[in-house]
Amino acid sequence: MEAIRSEEAILEDLSNSFYHFFGLKVLHATPIKRGWLNLKWKITTDSGQFLLKQYNKKRYKLYNPEELNFAFSQQKRLYLQGLPCPGLLAYNHKVLLESDQGETFMAMEYCEGRVIEPGKINIHQMFDLGRATGKMHRLLNDGTISLKRTPQFIPQSPEERLEHWNVLLQQSKEMGKTSLITDLEIQLRATEEIDPEIFEGLEAGWAHRDLWVDNLLFQDSQLSAILDFDRFKYDYPQLDVARAVMSCALDEDLDGALASAFIDGYREERTVEQGDLTKSLQLLWYMESPWWINAAMDKHSVPPKRFAKEMNWLAKNLNNLPAILGNL
């Protein structure tokens, strides 16, 4: 059985390896407590501040290293073309490195800024986030990298999705989970009402695929960094739009002015047709609802609870989205 190492031991190992690879001595390190399993530190060196990110061995098994390296190559390209995101450090052209003690890690520039709570962004920040997201999508899909035949997300048929909810509903009734029963009934009704034709003709492309508040930094009225490109893949860029809007504009209800500000910024870089945001949000709900509305909801930590709240709000308001968003 593999021994579990302490955070202090991992940091010491990474600090030594960081010095070996880059010749920079770590003078001080502050842990950053965000994300699932992976460890991160803001480090101060004799040549400035950086961020060290260790990939937890359990989580790293979920990744394809080749896909990760490709994602980082695109992050580097975006950074060089002016997108606000961290510059990555490379040794012998490699970004993913292995420490003396066998830890997989990477190092990058430390980006100043603060994470804003879900639904608490202001209209100027939302506009700048929309503009940066549009620029990211424009650069990623400018022909520099080839397209794929199929996107990552392949929607289930409504019949398959209804069966999924019905099975969960029956299990929840047998387990006496009253609160979950209510959530599942909400999802079931929305699935019965959704028109699968709305997903036809969506434009696939390269996308970040994890564009929510924990991966965004702001300084005053501007976006200072888009973080964490680990989930970058060929999918639907519209899912990035919807994920950002839900994460940043939903408090108790979705703020139409914030959603509009995001789209105004996005339009500075990419074309947006009437109704595109509505379709994007519906697609996000169809993809993510089974992730967050499930039998383990009563054990959700804070981020999954937030995502479940978003999925329930969308399920309740799918047919009202055009009115709420002014046909965006």
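**Briefing: two crossing helices in a predicted model**

Helices α7 and α9 are roughly perpendicular to each other, because their axes cross at roughly 85° and angles of 65 to 115 degrees count as roughly perpendicular. This is a predicted model. The protein chain holds 11 helices and 9 strands. Its radius of gyration is 21 Å, close to the 20 Å that the globule rule gives for 328 residues, so the chain is as compact as a globular protein of that length.

**The chain as a whole**
- The C-alpha trace spans about 60 × 50 × 40 Å along its principal axes.
- Of the 328 residues in the protein chain, 52% are buried.
- Take the contacts with a separation of 6 or more: 71% of them join residues 24 or more positions apart.

**Where α7 meets α9**
- Two packed helices are described by the angle between their axes and the distance between the axes.
- Helix α7 covers residues 237-249, and helix α9 covers residues 276-292.
- Their axes come within 8 Å.
- From α7, the residues in this contact are Gln 238, Leu 239, Val 241, Ala 242, Arg 243, Val 245 and Met 246.
- From α9, they meet Leu 277, Ser 280, Leu 281, Leu 283, Leu 284, Met 287 and Glu 288.
- By class, the contact has 10 nonpolar, 2 polar and 2 charged residues.

**Helix α7 itself**
- At 1.5 Å a residue, its 13 residues should span 18 Å.
- The end C-alpha atoms of α7 are 18 Å apart, which agrees.

**Glu 288, a charged residue in the contact**
- Glu 288 sits in helix α9.
- Its relative accessible area is 6%; buried means under 20%, so Glu 288 is buried.
- Leaving aside residues up to four places away in sequence, Glu 288 touches Arg 243 and Met 311.
- Arg 243 belongs to α7 and is part of the contact with α9.

**Helix α3**
- Helix α3 runs over residues 65-80.
- Its 16 residues should span 22 Å at 1.5 Å a residue, and its end C-alpha atoms are 23 Å apart, which agrees.
- Buried residues in α3 are Leu 68, Ala 71, Phe 72, Gln 74, Gln 75, Arg 77 and Leu 78.
- These buried residues pack against two strands, β3 (48-55) and β5 (104-109).
- They also pack against two helices, α2 (57-60) and α4 (123-140).

Definitions and conventions
Residues numbered from 1 in each chain as written. Predicted model: local features only at pLDDT ≥ 70, side-chain atom pairs only at ≥ 80, totals over all residues. Heavy atoms only, no water. Axes fitted to C-alpha atoms, helices over the stretch in contact; angles between N-to-C directions. Helix = DSSP H or I, 4+ residues; strand = E, 2+ residues; numbered from the N terminus. Parallel < 35°, antiparallel > 145°, perpendicular 65-115°, else oblique. Contact = heavy atoms within 4.5 Å. Nonpolar A, V, L, I, M, F, W, Y, C, P; charged D, E, K, R; others polar. Expected span 1.5 Å × (residues − 1). Rg over C-alpha atoms; globule rule 2.2 N^0.38 Å. Buried < 20%, exposed > 50% of the residue type's maximum accessible area, 1.4 Å probe, protein only.
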